[in-house]
Amino acid sequence: MDDIDIETVADPDLEDPVLIEGLPGVGHVGKLAAEHLLEECDSELVRRVYATEFPPQVNVDDDGVASLTCAEFHAVETEGADLLVLTGDHQAATNDGHYELTSAFLDVAESFGAERAYALGGVPTGELVEEYTVLGAMSDESMREALDDAGVEFRPDEPAGGIVGVSGLVLGLGGRRGFEAACLMGETSGYLVDPKSARAVLEVLQDLLGFKVDFESLEERAEEMEE
């Protein structure tokens, strides 16, 4: 296998799709948000991305069938916009791997005609959160007004240390390619999987892209976490 191997599963015709990245990170906020989006909307698996930067393991389903770990792209058609949702269980193991994988992810997005991208994630507060604020960062100042209108906050020197991993590189590398890219980061303690923060991020994304999803299952998960 090559260091990165992209498997084509389907080739739907999408109109100006928006890349949505939701890989594991602080509080699993981005991953929870992306997976909830896929659960609540009609989606179609379109690409699998295999990489030697992922852990050397397979996932085993309920029937005992093993599959090599990978990242996946799903196409989602909503009333507001067509989406290309990137999910998975892992990020790259090395710095070089993060750059190589993010470049491959952006290649896939470009092959579908995407010119906009939103990376979803969490920003740690170190304490339990009662009111969930979504912080933002963007590749270009021209995006500021729309993000402000959607309730995104911009704070000097936050997140501390910048944005690492694929979420940061979607802005950095994507911006260099001409993508309009933004990162939506829900405040979270950083200690627990945080479905309430994931909901806050999704509510902002809804306002930005003009779609609606139901949050009942996220609310149930949040109640379970609180108990």
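These legends describe close-up views of a predicted model.

**View 1. The largest pocket and its lining.**
The largest pocket has a volume of about 370 Å³. Its lining is made of 23 residues, and those closest to the pocket centre are Gly25, Val26, Gly122, Ile163 and Val164. Three elements, strand S8 (116–124), H4 and S10, each supply at least two lining residues. S8 gives the most, with five residues. By residue class, the lining holds twelve nonpolar, nine polar and two charged residues.

Gly178 sits between helix H4 (165–177) and strand S10 (180–188), in the loop that links them. The relative accessible area of Gly178 is 55%, so this residue counts as exposed; the cut-off for exposed is over 50%. Asp140 is 38 residues away along the chain, and its C-alpha atom is separated from that of Gly178 by 9.6 Å.

**View 2. Helix H1, residues 29–40.**
Helix H1 has twelve residues, which at 1.5 Å a residue should span 16 Å. The C-alpha atoms at its ends are 17 Å apart, in agreement with that value. Nine of the twelve residues are buried, so H1 is largely enclosed by the rest of the structure. In an α-helix, residues three or four places apart point the same way, because a turn takes 3.6 residues.

The 15 residues of helix H5 should span 21 Å at 1.5 Å a residue. Its end C-alpha atoms are 21 Å apart, which agrees. H5 is mostly covered, with eleven of its 15 residues buried. Among them are Pro195, Ser197, Ala198, Ala200, Val201 and Leu202. Val204, Leu205, Gln206, Leu208 and Leu209 are also buried. At the start of H5, Asp194 places a side-chain oxygen within 3.3 Å of the backbone nitrogen of Lys196. Just after H5 comes Gly210, with a positive phi of about 75°.

**View 3. The aromatic pair Phe73 and Phe105.**
A pair of aromatic rings is described by the distance of the centres and the angle of the planes. The count of aromatic pairs is one, for ring centres within 6.5 Å. In the pair of Phe73 and Phe105, the ring centres are 5.9 Å apart and the planes stand at 70°, so the pair is edge-to-face. The cut-off for edge-to-face is over 60 degrees. Phe73 belongs to strand S6 (residues 71–77) and Phe105 to helix H2 (residues 95–111), so the pair ties together parts that are 32 residues apart in sequence. Phe73 is buried, with a relative accessible area of 0%. Phe105 is buried as well, at 2%.

Thr78 is found in the loop between S6 and strand S7 (82–88). The relative accessible area of Thr78 is 16%, so the residue counts as buried; the cut-off for buried is under 20%. The side chain of Thr78 reaches the backbone oxygen of Ala81 at 2.5 Å.

Note on methods:
Residues are numbered from 1 along each chain as its sequence is written. This is a predicted model: local features need pLDDT of at least 70, side-chain atom pairs count only at pLDDT 80 or more; totals for chains, interfaces and linings use all residues. Side-chain values use heavy atoms; hydrogens and water are left out. Helices (H or I, at least four residues) and strands (E, at least two) are DSSP runs, numbered from the N terminus. Buried means under 20% relative accessible area, exposed over 50%, partly exposed in between (1.4 Å probe, protein chains only). On a 1 Å grid over the protein atoms alone, a cavity is a set of points where a 1.4 Å probe fits but cannot get out, and a pocket is an open set with protein on both sides within 12 Å along at least five of seven lines; lining residues have an atom within 4 Å of a point. Grid points are joined across faces, edges and corners, and a volume is the space filled by probe spheres set on the points. Ala, Val, Leu, Ile, Met, Phe, Trp, Tyr, Cys and Pro count as nonpolar, Asp, Glu, Lys and Arg as charged, and the others, Gly among them, as polar. The expected span of a helix is 1.5 Å times one less than its number of residues. A polar contact is a pair of N or O atoms within 3.5 Å; within protein, one must be able to donate a hydrogen and the other to accept it, and residues adjacent in sequence count only if both atoms are side-chain atoms. Rings of Phe, Tyr and Trp (its six-membered ring) pair if their centres lie within 6.5 Å; planes under 30 degrees apart count as stacked, over 60 as edge-to-face and the rest as tilted.
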